[in-house]
Every structure is written in C-alpha cells, then in structure tokens.
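Subject: Structure handover

Hi,

Here's the structure I promised to pass on. Have a look at it first, then read on for my notes.

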Amino acid sequence: MDVRLIGAAIDKCAGISGAAGTPEMLNKMLSDSLQISQILTYADRRNNILLLKDYFTNLANAVKDTLEELKVPLIIGGDHSCAIGTWSGVSEFLYNRNQSLGLIWIDAHMDSHTLQTSHSGNIHGMPLAVLLGYGIDEFVKILNATPKLRPENVVLIGIRSYEPEEALLLDKLGVKIYYNYDISDLGIAKVFNDAWHVLSAKVDKIGLSIDVDGFDPKFTPGVGTIVTDGIDFNQFIDVYNKIDANKLIAVEIAEANPSLDEQNKTLNCVVDIVKATQKLG
Ligand SMILES: [Mn+2]
C-alpha cells in the first residue's frame, strides 16, 4: 500500500509523559524510504481545550489531505487522544463522498469517558466517546461530519480494564465489544476476522486504531497504562497480514512510550505494524 506516515507527537492528554517522543524515535528505526514525513507537535504545556481543538483539527486535515492524494494515512502517536484528529479527518473524507466508516479499536481500555464520568480527567480516556458524539463539544464538532462514527460500525477488541460509566455508554449505544476473555476463548485470529467480516458487510471502508496497551505487556511493556494479559502480538500480525487491503482506509498506532520501553520492544512492535501495513495489498 502507498502509505504516508504522520506523527502525532502529543502526550499532554495522558497521565504520564513520554509518548510524544515516539514519532522522532521511530524515524531513527525506520529506513530512509519509510520515514514520518510530517510530525505534528502539541507544544503547549497546558492541556487547554481550544489549543487541543486546533491541534486535532490540524491532524484531521493532514489525514484528509493524505486520503485526497490517494495515500493511506498511518498515524503514529502520541497518546490515544490523537484518535480524535485521525478519525475526524477520515470521517470527513468519506462523508464528502457519501461513504461510511467502520472502526476496529484495539485497546485494553474503552476510552469512552466524558469529562463528567472520567475519574482521572485524562483526555486519552475519552476519544472513542468523542468520535461517537459524546463528551467535549469542541472536539465532537471538529470539521463537519457528526458524529464521526455510528455505534453499529465500531468494534472494540482486547478490553480488560474499564470503569462502569464507559461500559454503560457503549452498552446503551450497542457497540460490539470483544473482551480479553473472548480472545482467550476464540483466539485473536477468529475475533479479528469476525469483526472485519461483520464490518465489511456494513460499511464502505474500515479503519484500525491500535493502542499498543491492547497487546500483552510481554510484547509491549512501554506503555503508560499497563494491564496484564492481552493480545498475543505475533498472532495479531499473522491475521493482520491477511486482511483485505482494499477495504482498509487508515491505521493509527498510539500509546507507545519510549521512556518506559524495555530494549525497544514496544517500538519494534510499532515498526512491525508499519512494515506489515506497507506490505498489504
Ligand atoms: Mn486507548
């Protein structure tokens, strides 16, 4: 696939800093032919809603421009708040063409809090709610398409740490969730393929948002919110290598934190996903 890498160097929306360093670190690990050409940095020390809105809007426009140039955007976070920008941009592109978006969200967490329900106040725990039309209004209304995602077109995979308030929202909306125990029962290959096939029948294009804390921390120890168990990274790459690239519109990889990594294990997983994406199709 003709992939264009975009860096989202932001970590102000996480409880712990460091994830903003991933795009720059990754450029040292990737070949000259596969570099992150554009790194958007959130430089303000404050976690200010209007500044963040501008940042996510810039990211959304960079993603949309990439799609208009017929390239596949691959966004490298940063904390998972970058999803607000990434999928607002993808959604806008498809909305302008009367096409629908499905999203597979790989994560240990649901990321579906609002400011009212959040225990920590960290915005990286809210992006999926925002994309579904809930939470901070300034983010919900980035660009024109609203909501960015319809609940029946979203599938979560790998969930094993969440608060009741966000589970309540997703259950109310009828969002499909594969918990970690579903993966233990069925295997990641079956879960991922089932999610992909169900969405394929319903939507024009499918996106993939990967929070690396969705994987078992023995593969990805360098994350700010570590949760035991999780998806076997090698089994995931096996199934990912076989997806229908015609249906895939964009990929995002978030929450890798170089300052918490062990022997670059987590960043090497990010590199593996980038290379696998480039080889698709
Ligand atoms: Mn996440």
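Below are a few words on the model, then the sheet, one helix and two single residues.

First, this is a predicted model: local features need pLDDT of at least 70, side-chain atom pairs count only at pLDDT 80 or more, and totals for chains, interfaces and linings use all residues. Residues are numbered from 1 along each chain as its sequence is written. Helices (H or I, at least four residues) and strands (E, at least two) are DSSP runs, numbered from the N terminus.

Eight strands make up an open sheet with parallel pairing, and their order is 2-1-3-8-7-4-5-6. Strand 2 and strand 6 sit at the edges, each pairing on one side only. Neighbouring strands are turned by 15° against each other on average, direction ignored; that angle is taken between N-to-C directions, on a scale from 0 to 180 degrees, using lines fitted to C-alpha atoms. Two strands pair if DSSP finds at least two bridges between them. Strand 5 and strand 6 run parallel and are joined by four bridges. In one of these, I159 has Y179 of strand 6 as its partner.

**Helix 8**

Helix 8 covers residues 188-202, and its 15 residues reach 21 Å from first C-alpha to last, close to the 21 Å expected at 1.5 Å a residue (1.5 Å times one less than the number of residues). Which of its residues are buried? They are I188, V191, F192, A195, W196 and L199. A residue is buried with 20 or more other C-beta atoms within 10 Å of its own, exposed with 12 or fewer, and partly exposed in between; C-beta atoms are placed from the backbone. The buried residues pack against several elements, including strand 4 (101-106), strand 5 (154-159) and helix 9 (233-240).

**Two residues to look up**

I36 is in strand 2 (residues 36-41). It counts as buried because it has 21 C-beta neighbours inside 10 Å. Beyond residues up to four places away in sequence, I36 touches L5, I6, G7, P23, L26, N27 and I76, where contact means C-beta atoms within 7 Å.

G21 lies in the loop between strand 1 (3-9) and helix 1 (22-29). With 17 other C-beta atoms within 10 Å, G21 is partly exposed. Leaving aside neighbours within four places, G21 is in contact with P258 and S259.

Cheers

Terms used. Two residues are in contact if their C-beta atoms, placed from the backbone, lie within 7 Å.
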